[in-house]
Amino acid sequence: MFSTIIDILTSEEFIKAAFFPGITLVMLYALFTVWYERKLLARVALRIGPLHVGKIAGVFQLVADAVKLLTKEVIVPSKAYKILFVISPIIGGFLPLLIFPFIPFGSSWIIYPSNVSLLIVFAIIAVSPIPFLVAAWASRSKYPFIGMLRFGFQLFAYEVPLFLALIPVVILTGSLDLQEIVTAQKNFPFILILPLSFIVFLISSIAEVERIPFDIPTAEQELVAGWTTEYSGVLLEFIQLGAYLKADALAVITSILFLGGWLGPDIPFIPLEIEEPFWLMLKSLIVLSFILFLRGVYPRITIDRLLDLGWRTLIPLALLNIFIAAIIVVYIF
Amino acid sequence: MSPLFALTLYIVFAVATVVIMALVPLILAPWKPMIKKKISFECGQTPFPWREEAFPYEYFPYLIIYVAYAVIGVVVFLSSIVLVEAPHLADRILILFGSLTVGAFFIGIQLRELKQKLVAGRGE
């Protein structure tokens, strides 16, 4: 019995699930993103950002904030649909956690390898906003209601191009396996031959995670906090966790699909098991920095422009790129 | 031990994390229910009673277009799989992709004229 437990605790599967690229990495990555966003935006605005809590660069400010949210009273409005109001954000915070077991962080760093990992990941991404729509509806209040409608319109407009932007990658590699997609970029990353797809995918990803300039559903100046207005305490923490996890996942997936994933120059004396995740995390950090940086430099766009961009520009561009990718595969490769 | 075991472990850890986070406020958070706290947010104004009225909202026609584009998305995806699996059908698939691309640009131009606000049955 005791030896079985020791076997499990020291097994590769346990280490992957518990530490890297498992739950510890995922939660730390989400925490890091919050801290990094604050620091980055502070620098953009010539401020310092979190400083006092924690000796190094205010790193414990996040812990303080998390403790604050965890220890606040959970308030459920009297008009709300109570069960849905409480359960929806919890499910919404949980679903993005399920994306990560299927994302490879290196040729051997994956929790569950699958030959349809790309489809699984995007199925979870497509489902993940639904609990938040339900949460907004369950609030039964006018700001969440308007935010929910905007959220719905935005999702409808940007999920189609997000999905279409993947197809050229599938055509070029002939695979739905994220590991094979990275291997196929051995000679050059797909951003060089599919720049349009990359741009469409990145813009759609930013809209998918409601980052500025696409934060219309939670527009603070217009809708208080949009569909999250009635939420506080741990339920708000779940909503934020879900949003940051999805942003992190999309940054990693963008790196895998278009930037060559974990492929990079060899670093002397560093084993491949460390080098591969290093390159992937570095590329993800660059993508994440771009996504976060927009918040510091762009104003929010109006809903008519947002829908115009999605329906009238991104979808035709995504289809054009599929056509180009098909021509490349048929006549060049 | 297999990857399925690792996936199961990961899901157990994820569920445990979420459950612990959800349970912490039950132990640590104060519980002082008040009617005022449970009233919907009104930007500092005195909340007014629940009432129902018509809520005109724009852009619903896009939802109809979404249905069409969602089907097109599935067709394009399946066609791309066919392109990979059956290269001898490449010409037909290229014609399909080309037609859809031209059609999407045409629709993109035409959508500017689409009436987005429906008031009493007429477009505005």
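Me: How many residue pairs are in polar contact between chain B and chain A?
Reply: The model is a predicted one, in which local features need pLDDT of at least 70, side-chain atom pairs count only at pLDDT 80 or more, and totals for chains, interfaces and linings use all residues. Residues are numbered from 1 along each chain as its sequence is written, chains are lettered from A and ligands numbered from 1 in the order in which they are written, and side-chain values use heavy atoms, with hydrogens and water left out. A polar contact is a pair of N or O atoms within 3.5 Å, where within protein one must be able to donate a hydrogen and the other to accept it, and residues adjacent in sequence count only if both atoms are side-chain atoms. With both residues at pLDDT 80 or more, the count of pairs between chain B and chain A is four.

Me: Which helix of chain B gives the largest share of the side that touches chain A?
Reply: Helices here are DSSP runs (H or I, at least four residues), as strands are (E, at least two), numbered from the N terminus. Helix H1 (3-28), helix H2 (61-85) and helix H3 (90-110) of chain B each supply at least two residues of that side. The largest share, 18 residues, comes from H1(B).

Me: How many residues on the side of chain B that touches chain A are nonpolar?
Reply: Ala, Val, Leu, Ile, Met, Phe, Trp, Tyr, Cys and Pro count as nonpolar, Asp, Glu, Lys and Arg as charged, and the others, Gly among them, as polar. On this side of chain B, eight residues are polar and seven are charged, while the nonpolar ones number 48.

Me: How many salt bridges does the rule find across the interface of chain B and chain A?
Reply: A salt bridge is a side-chain nitrogen of Lys or Arg within 4 Å of a carboxyl oxygen of Asp or Glu. Over all chains the structure holds six of them. Across the interface of chain B and chain A, however, the number found is zero.

Me: Which helix holds both Asp308(A) and Arg312(A)?
Reply: The side chains of these two residues meet in a salt bridge, 3.4 Å from N to O. Asp308(A) counts as partly exposed at 28% relative accessibility, whereas Arg312(A) counts as buried at 16%. The two residues are four apart, about one turn of the helix, and that helix of chain A is H15 (residues 303-332).

Me: Which residues of chain A does Phe5(B) touch?
Reply: Phe5(B) lies in helix H1 of chain B and, at 26% relative accessibility, counts as partly exposed. Contact means heavy atoms within 4.5 Å. Not counting residues up to four places away in sequence, Phe5(B) touches Ile8(A) and Glu13(A).

Notes
Buried means under 20% relative accessible area, exposed over 50%, partly exposed in between (1.4 Å probe, protein chains only).
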